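Please look at the sequence and the structure below before reading on.

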Amino acid sequence: MAKVLLELKDATIKFGGVTALNNVNLKVHEGEILALIGPNGAGKTTVFNVITGVYQLTSGDIIFDEKSIKGIKRYNITKIGIARTFQNIRLFGDMTALENVITGTDVHKKSGLLGGLFGLPRARREENAGRQKAREILEFIGIDEYSDRLARNLPYGVQRRLEIARAMGTGPRLILLDEPAAGFNPAEKVELAKTIKKIRDAGYTVLLIEHDMSLIMGISDRVAVLDFGQKIADAVPSVIQNDPRVIEAYLGVPADAS
Amino acid sequence: MTMINLKESFKESNFRDVGAHIWEHASAVERKIMAVSFIGLAALLPFMGFGLLDTPVSDYGAVLVYPVGMFILMALGLNIVVGKSGLLDLGYVAFFAIGAYTMAILGTRTSLNTWEIMPIGIALAMLAGLILGLPALRLRGDYLAIVTLGFGEIVRISALNTREIGGPNGIANIPVPPSIGPLEFSLNDQKGFFWVVLLMILLTIWMIRRLSVRRAGRAWEAIRQDEDVAELMGVNTLKYKLWSFSLGAAVGGAAGVLYGSKTLFIAPEMFTLNVSILILACVVFGGMGNIWGVMVGAAILAYLPERIRFISDARLLVFGLALVITMNFRPDGILPRKKREKVIVKKEKNNG
């Protein structure tokens, strides 16, 4: 088994009287696609928010690459190698697609404001390298023809893909995708599935929230199921499909299935 | 050398895009010619005080320096904060006041001259920006606006109540700058002051243009559009907001030093909330986030009341009316923020 890249240990988070996550244990192995599924309100996006420091755990711990990242500053999350997309698209609309991705690449730059102002050699080098990398990523994701268009004017599907590209710009080891296929038609879903596989094959680890079962079953190496803030299953897709608890909580009783 | 196709350029929907179109289709040489002639024209402004441009009641040469030049300079400075980073600052006058008071105090009590006081004034304004920004920039939107508004008032009221710096009487007999070569600075002929303001404006434009296409500019842009996402994409938001604040403050401080050295006399009542609001109006009126828009806006808002001063009492009414009408027709300002996309797409077509 590959090394564990990210681990949630007894992760619990309470908002007042509501327990959004209840002793969740989750391991993400390096190089896999792990899908996180569950009914609405099960706590999937909360898991993402906990990992990226948006929410702080009430108890428990988060280990990334053998170090605890609990309480880390939000802007340092991308620096250590975790990047995410958003369920409701949140691109920088007034920037071009390319600039969105370059903003991602800025994370690892060492030169600051003064270096940029006076055009110091390192700043220039980093600027060019970032631009180059951003172009490569847009090409990798397959939206390079939109490079110079403003993000807010892009077609919906391209915006979703650009979210992924921007996350990749930060050079992450782990990418968190929050419902990347939401609103996609079947053809677009097939296309997206290929892209996600391609991302994994390029050496990234992917943690994916998704509702589309055929997409998940097609690409995931493993599936974890959340229900009411608790993990109720965690296995390979074929096992999940036949787990009675999962079927009850999420897939519906067999009589309802198509 | 490619010919600039003016007809093609004017097909663009607004003046901002016309300008961008002309610029982006110009060769390096053409750009240099345009920039030099533009700067040259601006430098010659003090000699154009006749006919339409003249201000019948006020001294034209003085109007060019203050309010016109100074307003443009301060609007550019405030634009870094409000237009680029989206931080609503209603206390910008504080930095102007700090610059002016630095000049007044050091100018009357030490042997330092204006040029030596300039870096001190800028540094003190930046420091004030940091001191205010560190706690205030944790707030957002309206709350930030209220705190900055308070800061502006604190600075003014502190000056009003500190007897050591003149209290309500202010400070008089502030020295004018020493001459640079043959260029002399006097109140009767303010060309020297104007050229210095022009130089400061050019430096500020250079700084903004440079930073806009670099990491800092992207960070500000990201913060303006979605601060939470900016942070999750690795932007140290507090750091870049502080930079934005203190660079804006630096420009305000520089303007203040020169203003102090030009007016001979300053008093707390010159640095009221009205000034902050007027400068903000320049930014919004001209087009937030766009250098050219901000400059045009500031030039109009500073110049117009002086130009129509002959109708005396009615002039503020006319001025206000013009403002309301303009904002109705152009809610994003006279020259709104770049619409870069259009320009670039067209360019590709032409190349292809």
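In which order do the four strands of the open sheet in chain A lie? The order is E2-E1-E4-E5 in chain A, with antiparallel pairing, where two strands count as paired if DSSP finds at least two bridges between them, and where helices (H or I, at least four residues) and strands (E, at least two) are DSSP runs numbered from the N terminus. This is a predicted model, in which local features need pLDDT of at least 70 and side-chain atom pairs count only at pLDDT 80 or more, while totals for chains, interfaces and linings use all residues. Residues are numbered from 1 along each chain as its sequence is written, and chains are lettered from A and ligands numbered from 1 in the order in which they are written.

The edges of this sheet are strand E2 (18-29) and strand E5 (67-68) of chain A, each of which pairs on one side only. Further in, E1(A) and E4(A) run antiparallel and are joined by five bridges, and A:Leu8 has A:Ile62 in E4(A) as its bridge partner. Strand E4 (residues 59-64) of chain A is in turn joined to E5(A) by two bridges, again antiparallel, with A:Phe64 standing opposite A:Lys67 in E5(A). E4(A) and E5(A) form a hairpin with two residues between them, and in its turn A:Asp65 has a positive phi of about 50°. Helix H1 (residues 44-51) of chain A lies across strand E1 (4-15), E2 and E4 of that chain, and runs at about 70° to E2(A); axes here are lines fitted to C-alpha atoms, for helices over the stretch in contact, and angles run from 0 to 180 degrees between N-to-C directions.

As a whole, chain A contains 10 helices and 10 strands, whereas chain B has 15 helices and zero strands. The radius of gyration of chain B is 21 Å, close to the 20 Å that the globule rule gives for 352 residues, so chain B is as compact as a globular protein of that length; the radius is taken over C-alpha atoms, and the rule is 2.2 Å times the number of residues to the power 0.38. Along the principal axes, the C-alpha trace of chain B spans about 70 × 55 × 45 Å, and the C-alpha atoms of chain A fill a box of roughly 65 × 40 × 35 Å.

Where the chains touch, 25 residues come from chain B and 30 residues from chain A, two residues being in contact if their C-beta atoms, placed from the backbone, lie within 7 Å. On the side of chain B, the largest share, seven residues, comes from H9(B).

Within chain B, helix H5 (residues 93-109) and helix H11 (residues 237-263) pack at an angle of about 45°, with their axes 6 Å apart. H5(B) and H11(B) are therefore oblique to each other, since angles under 35 degrees count as roughly parallel, over 145 as roughly antiparallel, 65 to 115 as roughly perpendicular and the rest as oblique. Among the residues that meet are B:Phe95, B:Gly99 and B:Met103 in H5(B), and B:Ala249, B:Gly256 and B:Tyr259 in H11(B).
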